[in-house]
Amino acid sequence: MNFPFYIARRYTISFSKSTAINIITGIATLGIIVSTMSLFVVLSVFSGLREFSLSFTNATDPDLKALPATGKSFLINDTQKNALKNSKNIAFYSEIIEERVLFSFKGKQEVTYLKGVDPNFIKVTPFEKKIYAGQWLKPGTSQVVVGYGIANKLSMGLFDFNNALEVFVPKPGKGPIENPEEAFNEAALIPMGIYAINDDLDKKYVFTDLTLAQQLLQYQPNQVTGIEFKLHSNASEDEALQEIQTLFQNKVTVKNRTELNDSLHKMLNTENIVIYLIFTLVIIIALFNLVGALIMMILDKKANLKTLFNLGAEIKHLRSIFLLQGSMLTFFGGIIGLLLGITLVVLQKQFSLIMITASMAYPIEFEISNILIVMATILLLGLTASWIASSRVRKNLLD
């Protein structure tokens, strides 16, 4: 055992003769413990909130989605359909049409998205599990499933056969509109179900049969605005993406779940970085106490350091004593803080100590990556603080 480490260990586990130094060292250690615990708990809470936010999109978005590279729609032929059915990577696919249109019900109007889907849609995305009231639509009918937010805005209920939900879709074409009554394709729809996911999605879609949507938009039977895919559990996403691109001759753009919610992921990543930086600043402030405690220790042990120097110890060895002492205080304080933080996270996850509502616990996730991030942060900052304090050991201090 080299003597700097031996002396640093003795200084760490033993009390100083000065009560003030002991108090300052205790405060510094407590600050490291609390700030480490806080950073880990906050990162775990944010991981839980992230998973909670993404659970909504994961429940409604497909594994992959093909969109037209140019224009608003593209064609799919029988050869491409057969190739998709026989693909080793693709379990199911669903042809869809999305278009922003006008809905009217008993004098109230709302502009939102009409989404035409085929029977395979609920195999690709289990949307029927999100039905709040009623049932999923039947193929080949004028039945629709609307979001809770849309139903609330239109004051609309289910199975109201006396008052139809009307949809108005602008007819394609060029030039001025001579007769406004002939400018729209119209249809009377029957609400059969209401889905509820979150505020944004509940105000976005009205689901209808694919054939009806094609008729309203005057599309060809094989013309769609997108295709959604569900992959096999052991499938390679990259291989499936390349297969789809090759099949459609690069005339489509294929996106995964992350790319479909690019803005949401960017927002969550930005918030995560901001929260990490804020609590890192808290750790930096807490480590000022460590710097102060080490400097006080240097001054208190000045006579001992002078003796070691006269016996032949070099300045770098004397500096190493306090660098090691600060690193050990940081390491053990970080370990204790992490253990306390992990305990809180596990207790919240298992016993739901803090609730958002009467039936919903505050989301939190235990992730190994958070442990590594917190430990790396506290050790790096602690080592920096210890180096700053230990650099105060100079030859003129011992003269």
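## Lysine 153 and glutamate 110

Lysine 153 has a relative accessibility of 45%, so this residue counts as partly exposed. In this predicted model, lysine 153 forms a salt bridge with glutamate 110, and the closest N and O atoms are 3.6 Å apart. The two residues sit in distant parts of the chain, with lysine 153 in helix 5 (residues 148–153) and glutamate 110 in strand 4 (residues 108–117), 43 residues apart. Glutamate 110 has a relative accessibility of 16% and therefore counts as buried, the cut-off for that class being under 20%.

## Arginine 257 and aspartate 63

A salt bridge also joins the side chains of arginine 257 and aspartate 63, at 3.3 Å from N to O. Arginine 257 belongs to helix 9 (residues 257–260), whereas aspartate 63 is in the loop between helix 2 (19–60) and strand 1 (64–68), so the pair ties together parts that are 194 residues apart in sequence.

Arginine 257 is partly exposed, because its relative accessibility is 28%. Aspartate 63, at 17% relative accessibility, counts as buried.

## Other salt bridges

In total, the structure holds 11 salt bridges. One of them pairs the side chains of lysine 266 and aspartate 262, with an N to O distance of 3.2 Å. Aspartate 262 is partly exposed, at 35% relative accessibility.

Salt bridges also link Lys65, Glu98, Lys115 and Glu228 in a network.

In soluble globular proteins, nonpolar side chains tend to be buried together. The largest nonpolar core of this model has 24 residues, and the members that touch the most others are Phe103, Val146, Leu165, Val167 and Leu189. At least two residues of this core come from each of strand 3 (90–105), strand 6 (143–147), helix 5, strand 7 (165–170), strand 8 (184–195) and helix 7 (210–216).

What does leucine 165 touch, not counting residues up to four places away in sequence? Its contacts are Phe103, Ser104, Phe105, Val144, Val146, Leu154, Met156, Ala187, Ala188, Leu189 and Pro191.

Methods: Residues numbered from 1 in each chain as written. Predicted model: local features only at pLDDT ≥ 70, side-chain atom pairs only at ≥ 80, totals over all residues. Heavy atoms only, no water. Salt bridge = Lys/Arg side-chain N within 4 Å of Asp/Glu carboxyl O. Helix = DSSP H or I, 4+ residues; strand = E, 2+ residues; numbered from the N terminus. Buried < 20%, exposed > 50% of the residue type's maximum accessible area, 1.4 Å probe, protein only. Core = buried A, V, L, I, M, F, W, Y, C linked by side-chain atoms within 4.5 Å. Contact = heavy atoms within 4.5 Å.
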